[in-house]
Amino acid sequence: MSRKSLKWLPALAVPALVAVGIVAIPLSAGAAVDLPDKTAKEVLLLVSESTEDSFSGTVTKTAELGLPDIDAVAGMGQSMGGSESGLSVEESTELVSSALELLSGTHEANVYVSGDSNVRVEVKADLARRTAVSNGTDAWYYDSESNVATHVAIPADLKSSSPEKLDGHADEMLTPPELADRLLTELEPTTEITVGTDARVAGRTVYELILTPKVSGTLAESVAIAVDSETGLPLQVTVSASGQEEPAFQVGFSSIDLSDPAADLFAYTPGDGVTVEEMPFPSPPPAGEHTPPTEDANGPTTIGSGWETIVALPAASSPESFADNPMLDQLTTQVDGGRLLSTSLLNVFLTDDGRVFAGSVTVDRLQAAANAQ
Amino acid sequence: MSSPDLATERRPGPGLDLLGSELSVLFRRRRTWAMLAAVALIPILLAVAVRLTASELDPGEGPPFLDRVTQNGLFVSFTATVVAIPLFLPLTIGVVAGDTIAGEAGLGTLRYLLVSPAGRLRLLLVKYTGAAAFCLAATLTLVVVGAVIGALLFPVGPVTLLSGETIGVAESVLRSLLVAAYVTVSLLGLCAIGLFISTLTTVPVGAMAATVVVSVVSQILGALPQLEWLHPWLFTQHWLGFAGLLSQPADLSAFGSNALLQTGYIAVFFALAYSRFATKDVLS
């Protein structure tokens, strides 16, 4: 080889080396993991016995629900005119688009948890952050774009009395093994629970608990829960939809640190210039109302059970402007007897007479349910 | 800066000599000073415009952080940085990086540089270091001038972070310097691309324009949602990603991934530049 052609070597070798690095580093991180075998019950036990309650990390959420792109939809909604009834079109458009924003695409958040009551979540966006802090006595929510901090004082008596007041089963405190047993028996008729291949999530080895519906015709194909093999912390939840290779919905840690986060992260003091809004603590419903809500004519009802549950809303319970919203028009398609909002995990069927049927089942089942009523 | 270096080194290598002369030529050029002055104009114009308008901005209106400027002058730095990153900084980097080799070739001074025993690799390294030093100078100008003009025209106090909490002035200076470091690192990949393009031609203006075009094209690709698979590999991807440095606690993960990405670009394009330059017949 001549001297000159040798000098071309770096131009080939360095890009090749970089390419190898790009391919090899994620591969080595995902190298095969082999953990001691566990049954589904043992993995559930691992979760319920987990004592790990202090950690910090980055949570990533991705959704591929097959919804239209949000930016385009939001832009469209903004250019539409106003409306006269109750909730204005702008407001309902904003509601729909913020709900859609959370449902689609990728979001990242930094999460800090210490003990039962100290939580700090920071949702990332380009050059903006939404921060929520709760330390058991005060809860704060701050949006850097609006520069408004919302403060809720948590009543002192809530924490001490809540377990008895809010939990109807307080007297039958279940031990972790009992809880695991109970979960298994409750799920057994509808769901097959298996332990998948061991893997790695956020650099930690995990068992994968896979829940698969025993019935056919549901949109959800399986739910996989990754459980940290050491601490029993659930690190990732993946929902797969039938006929879709990418997970329809996934939320999990992309990195995690099991040390106790600094205590001052949970003491929140808004700076000067921040608009502080006080909000009353939502009063808990009085004790005794924990029996299933009486089925009044305007409340939602459920049809079927397990994976095939269909939630039905009678006419006139949804704000009228939602039905008139031009954005909803763009999101839904015309089907027999109404309009359909279709995603890979959930179908929502809006009948022409204003009723709403939603469930993780195929359209014809929703239509059948609508016709049966 | 070179004299203490020379004093401590017993036998200064030709590389250090070369670097010293390269830096002094670069920073003695009127063009360099004109560009730094133009960079400094961005925060000054911003601050004066905000000072002269009576109407208060609604939160979230205008470029990021602009509504905070009236409350705290230190935010001028951040707004100016955000405004300058997409076009203005790449433009100045394009001029400096595109000029590195092509400029010498165009002036006919390249062969004299190569007469010295320094070697072509060393010349490339020195040229790249010079361009990188300009990146640092440009971002520091932006941040420092922004802070100074902000302090002159507006009240200065504890800085409200993106979490709504405040930090003291001393820590905010540290955060500003971190942002400057972040932006400098962001531009190093473009610098390497400019260096490579500069070895391809003897027409400096062509290399400068091509470098700027590359940065604009990369940003356009980054804005197309259809090309989402490509986005993590674009060198412009993390350019505006310094929000983590302004949150509480400071989140350095974006800094790390940005640095890794830029290192990849530097490695690839420096290797390409070396191979091209080492095999090139230098005629001028």
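## Charged side chains in chain A

A:E230 is exposed, its relative accessible area being 65%. In this predicted model, the side chain of A:E230 meets that of A:R204 in a salt bridge, at 3.5 Å from N to O. The two residues come from distant parts of the chain, 26 residues apart. A:E230 sits in the loop between β10 (220–228) and β11 (234–241) of chain A, while A:R204 belongs to strand β9 (residues 204–213) of chain A. A:R204 counts as buried because its relative accessibility is 19%, and buried means under 20%.

A:R355 and A:D353 also meet through their side chains in a salt bridge, with an N to O distance of 3.4 Å. A:R355 is buried, at a relative accessible area of 17%. A:D353 has 48% relative accessibility and therefore counts as partly exposed, since exposed means over 50%.

## A salt bridge between chains

The side chains of A:K124 and B:D251 form a salt bridge of 3.0 Å, N to O. A:K124 is part of strand β3 (residues 118–125) of chain A, and B:D251 is in the loop between α9 and α10 of chain B, so this pair joins two chains. Both A:K124 and B:D251 are buried.

Over all chains, the count of salt bridges is twelve. Some of them share partners: A:E108, A:K124 and B:D251 are joined in this way into one network. In general, side chains of opposite charge can pair when their charged atoms come close.

## A patch of negative charge

On the surface, a patch of negative charge gathers A:E64, A:E245, A:E246 and B:E228. B:E228 lies in the loop between α9 (204–223) and α10 (253–279) of chain B. With a relative accessible area of 56%, B:E228 is exposed, because the limit for that class is over 50%.

## Annotated spans in chain B

An unreviewed UniProt entry lists "transmembrane region" for residues 33–54, 74–97, 130–154, 174–198, 205–224 and 255–274 of chain B. Residues 130–154 of chain B are 96% helix and 0% strand, and the C-alpha atoms at the ends of this span lie 35 Å apart.

For residues 255–274 of chain B, the chain is 100% helix and 0% strand. The end C-alpha atoms of residues 255–274 of chain B are 28 Å apart.

Methods:
Residues are numbered from 1 along each chain as its sequence is written. Chains are lettered from A and ligands numbered from 1 in the order in which they are written. This is a predicted model: local features need pLDDT of at least 70, side-chain atom pairs count only at pLDDT 80 or more; totals for chains, interfaces and linings use all residues. Side-chain values use heavy atoms; hydrogens and water are left out. Patches are made of residues with over 30% relative accessible area and no salt bridge: like charges are joined within 9 Å, nonpolar side chains (Val, Leu, Ile, Met, Phe, Trp, Tyr) within 5 Å. Accessible areas come from the Shrake-Rupley method with a 1.4 Å probe; for residues, only the protein chains shown count as cover. A salt bridge is a side-chain nitrogen of Lys or Arg within 4 Å of a carboxyl oxygen of Asp or Glu. Lys and Arg count as positive and Asp and Glu as negative; His and the chain ends are not counted. The place of a charge is taken as NZ of Lys, CZ of Arg, CG of Asp or CD of Glu. Helices (H or I, at least four residues) and strands (E, at least two) are DSSP runs, numbered from the N terminus. Buried means under 20% relative accessible area, exposed over 50%, partly exposed in between (1.4 Å probe, protein chains only). UniProt positions are given in the numbering used here, feature names are shortened, and annotations may be inferred rather than shown by experiment.
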